[in-house]
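Open the model in your viewer and keep the selection tool handy.

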Amino acid sequence: MLVTFLFGITVIYIIMHINYLPIKRLKGFVEELLGNSLTGTNEIESVKQAFENISQKSRSLMEKIENSHSAFKDSLLSDMIRGQFKNIDEFNEKGKDFGLVFSKQYFLVAVFYLGTPQNISTHVIIDIVEKYMADKVECFGKDMIDNSLVFILSISDKEHSKIRTLFSNILDYLIQNFSLNITIGVGNTYKSIDDIGKSYLEVSTAVDYRMIKGSNEVIFFNDISTDVKKIQYPSSETISQLELALLQGDTATTNRILEETVQYIKKNSISLIVAKLYCFDIINTILKAINRINKVYDFNINYPDIEEL
């Protein structure tokens with residue numbers, strides 16, 4: 001009887017040891033992974049503590065990644081508005097790992113101006129708008145410091161005629177579901193990435209018309225600008241001549257083109273916003289030429305961008 005009892009205890013001990021060994025090894029592995037000893041009362045408690053530590057570190061890491069993604073996205077979109085990319089392929093190459101890619105042929109800028117304080121964060125609103133637009137157009141947004149959100153959209157020919165309906169629907173959706181006091185301004189559509197800054201200038205003016213039209217409205221720049229349609233923008237030939245003159249140091253040609261620009265503005269007595277739009281290509285060409293010269297001679301000078309116009 002005693003022999004049987006002792007044999008049973010021995011078998012139980014061996015089984016417990018066999019079952020306990022993997023837990024002990026797991027504890028040692030986790031301690032090695034974390035780089036410190038676990039302080040639990042036993043191995044099971046220690047392993048539980050280890051997984052809690054790993055879970056906490058994982059959450060912290062995900063928060064850092066999310067914050068990094070948001071900051072990178074804001075920076076990339078700001079550079080796009082400032083005209084820092086030679087072409088859309090350069091933007092897509094930098095943004096593809098973060099899901100920031102434009103593949104359609106037309107571009108425009110929209111600004112959502114938020115009136116009274118809202119009970120929802122701006123980042124949530126951006127996420128809502130991007131998801132709402134996802135199956136219709138390509139759209140990415142960023143927060144601005146003046147209580148507004150800016151979105152860059154890329155659309156195809158088929159979607160061109162649906163833009164008004166699209167913005168009207170998203171405005172109604174935001175008002176009905178979140179009780180927002182909001183005004184949406186929409187700039188003109190352009191085919192070149194170089195003109196995104198021009199669309200931003202237009203939409204900034206459109207949003208200012210909320211003082212006249214009131215809030216909870218979609219205001220298209222094309223609807224408020226009567227004199228902008230009369231502009232004869234600098235030709236591509238003039239722009240090419242200016243760029244070449246700047247790169248070659250041809251001050252005579254540069255001065256002639258700039259003087260012609262000033263005279264056109266004076267002669268036609270155009271408004272400030274139209275003057276900005278007319279000068280956009282001229283200023284953009286000058287800044288690009290200066291940036292190319294800076295790279296060749298390794299200068300490091302900061303020049304104004306489209307947001308400072």
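How many aromatic pairs does the count come to? The count is 10 aromatic pairs, where rings of Phe, Tyr and Trp (its six-membered ring) pair if their centres lie within 6.5 Å; planes under 30 degrees apart count as stacked, over 60 as edge-to-face and the rest as tilted.

Before you click further, note that this is a predicted model, in which local features need pLDDT of at least 70 and side-chain atom pairs count only at pLDDT 80 or more, while totals for chains, interfaces and linings use all residues. Residues are numbered from 1 along each chain as its sequence is written, and side-chain values use heavy atoms, with hydrogens and water left out.

**Stop one: a stacked pair.** Select Phe72 and Phe98. Their ring centres are 4.3 Å apart and their planes at 25°, so the pair is stacked. This pair links distant parts of the chain, 26 residues apart: Phe72 is in helix α2 (residues 43-81), and Phe98 is in the loop between α3 (88-95) and β1 (106-114). Helices (H or I, at least four residues) and strands (E, at least two) are DSSP runs, numbered from the N terminus. Phe72 is partly exposed at 26% relative accessibility, and Phe98 is partly exposed at 32%. Here buried means under 20% relative accessible area, exposed over 50%, and partly exposed in between (1.4 Å probe, protein chains only).

**Stop two: an edge-to-face pair.** Now pick Phe85 and Phe91. With centres 5.4 Å apart and planes at 90°, the pair is edge-to-face.

**Stop three: charges over rings.** A charge sits over a ring if NZ of Lys or CZ of Arg is within 6 Å of the ring centre and within 35 degrees of the ring normal. Select Tyr132 and you will find Lys136 over its face, 4.3 Å from the ring centre. Then go to Tyr113, where the charged end of Arg210 sits over the ring, 3.6 Å from its centre.

Most residues other than glycine have a negative phi. Ser179 lies in the loop between α6 (163-178) and β4 (182-186) and is exposed, at 65% relative accessibility. Finish at Asn216, also not a glycine, with a positive phi of about 55°. Asn216 lies in the loop between α8 (210-213) and β5 (218-220) and is partly exposed, at 32% relative accessible area.
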